[in-house]
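Hi,

Here's the structure I promised to pass on.

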Amino acid sequence: MDRMKTLTVVWLVLSSIISIVSGKKCPLDPPCKCTQKTEKIDCSSKNLTEIPPLPRNLSEINFNGNLITEIPDDVFQHNDQLESLDLSHNIISKLRERSFSGLVSLKRLLLNNNNIIAVHKYALTVFKSLIELNFKRNPYDSLDLNLTGISLVTAKLDFRQPNNMSRMFWRMPNLRNLDVSGFSGECNVKTLTAQVFRLLPKIETINMSKCSINYIYKGTFRELSYLTNLDVSVNRCLKFTGIENITYDLPYTSIKTLNINRVHQNFELNTQITITNVQNLRNTTLETLHIDGNRIQLIEPGALLHLPKTMLNLFAAENEFSYIFYGDFIDDITKVQGQFVNISNLFAVHNPTEVPETCDFVEDSCIRSKDSQILSQLYMHPQLVVNKTYPAFIPVSVPPNLTTFICRGCNLRYEIPLVFLTSNKLKYIDASSNIFFSWTGPLKSLDNLEYDFEILNTFTFK
């Protein structure tokens with residue numbers, strides 16, 4: 001009988017342990033439950049109005065998507081092993097001096113999407129191990145946060161600077177990644193100067209997309225020698241002339257990826273990439289360039305020659321390219337070193353109700369009708385060559401190292417005649433969702449193709 005009682009007790013203990021680990025029970029059930037391990041508690045979207053008493057020895061707590069209004073003093077005082085705390089998407093209004101007391105091991109803190117209007121001067125200074133902070137979408141000005149003594153590596157913050165263009169970021173000597181994008185927060189910058197990033201000497205990634213930037217002074221990025229990724233997309237008042245001041249600084253950085261998607265208004269006249277727009281890229285280490293949605297129609301002969309030898313990937317979808325296969329422009333293509341090109345969705349339809357971004361000044365940098373007539377002479381369609389052996393054919397120059405070419409959904413309505421490609425390494429071609437109506441062919445010099453032409457069209461074969 002005693003042996004039976006002992007076995008029963010052992011079974012109950014083991015069952016309890018298994019239940020806790022599997023997520024069926026934990027010290028906060030109800031309303032919360034553990035996930036996988038007892039040191040991780042998921043209390044997200046439980047309609048909580050306050051932070052419940054917490055057990056010790058937790059490593060991760062998720063309070064996302066509740067109705068929590070405050071963080072009481074010392075509520076986390078026994079959680080000195082906690083490493084991740086998610087309080088995002090609540091209605092917290094204040095951070096007190098002792099709101100986070102005890103969280104000496106915290107590495108990740110999410111406070112985004114709350115209603116924080118007041119932060120005590122020393123509310124955040126308890127965090128000696130914090131490396132990631134998300135404070136986006138709060139009324140409190142992120143630039144007023146006291147981050148003294150905190151060695152942040154990643155910061156996701158709002159950046160409101162509509163009238164003071166010299167206002168600086170915090171002193172964060174170890175910061176590597178800065179996200180102030182207006183897509184996930186509030187960003188209203190207008191103007192950037194060399195003072196803005198002066199106290200962030202080790203920054204590697206900056207996301208300033210959708211920030212209403214109108215002008216960037218030369219020198220803004222010049223001192224950021226570790227900068228590898230820069231995103232200034234969807235700042236529609238910048239235009240390519242504004243981008244020139246960015247590229248002026250990039251030779252002094254370690255730039256690998258540059259995103260300048262949609263820096264023109266959706267319904268402006270078409271644009272041209274000129275030599276002056278890109279000439280400073282020649283001395284950079286750029287590998288990937290994003291220029292989607294800029295209404296690009298023409299590329300000045302010689303401009304492509306200024307792309308660096310390190311260039312691998314070009315994303316240029318949703319533009320208005322014309323004359324791209326003919327004229328002096330062809331000679332430039334054969335000298336480009338890239339391996340990946342995507343020019344999908346040419347002539348894409350945009351939302352007619354989209355409101356243009358309001359600019360502080362208007363600069364006429366678009367292609368006017370008389371300019372278009374002059375420039376088009378540089379790209380005249382060559383006469384088709386006919387000889388006794390072959391019918392009319394089109395020679396197509398291909399970058400020597402290009403392996404992937406994507407031209408999906410470009411509304412191309414052509415017959416595919418006999419095509420000769422220059423010596424190439426093409427392995428993958430996607431020309432699907434076009435309107436090619438006849439394939440005479442053949443396509444010559446696709447000796448390395450591994451993925452067949454993906455073309456979803458209606459063909460008449462000859």
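Among contacts (heavy atoms within 4.5 Å) between residues at least 6 apart in sequence, 63% join residues at least 24 apart. Bear in mind that this is a predicted model, where local features need pLDDT of at least 70, side-chain atom pairs count only at pLDDT 80 or more, and totals for chains, interfaces and linings use all residues. Residues are numbered from 1 along each chain as its sequence is written, and side-chain values use heavy atoms, with hydrogens and water left out.

On the overall make-up: the protein has five helices and 31 strands (DSSP runs numbered from the N terminus, H or I of at least four residues for helices, E of at least two for strands). Of its 462 residues, 47% are buried; buried means under 20% relative accessible area, exposed over 50%, and partly exposed in between, with a 1.4 Å probe and protein chains only.

Next, the inside. Leaving aside residues up to four places away in sequence, Leu85 touches several others, including Ile61, Phe63, Phe76 and Phe100.

Now the cysteines. How many disulfides does a search of the whole structure find? There are two, a disulfide being a pair of cysteine sulfur atoms within 2.5 Å.

One is formed by Cys187 and Cys211, with sulfur atoms 2.0 Å apart. This link is right-handed, with 100 degrees about the S-S bond. Cys187 is in strand β12 (residues 187-188) and Cys211 in the loop between β14 (205-207) and β15 (215-216), 24 residues apart. Both Cys187 and Cys211 are buried.

Cys237 and Cys359 are also joined, S to S 2.0 Å, but their link is left-handed, at -90 degrees about the S-S bond. Cys237 sits in the loop between β16 (229-231) and α2, and Cys359 in the loop between β22 (340-342) and α5 (369-376), so the pair ties together parts 122 residues apart in sequence. Cys237 counts as buried because its relative accessibility is 3%, while Cys359 is partly exposed at 21%.

Finally, Cys407 is in no disulfide.

Cheers
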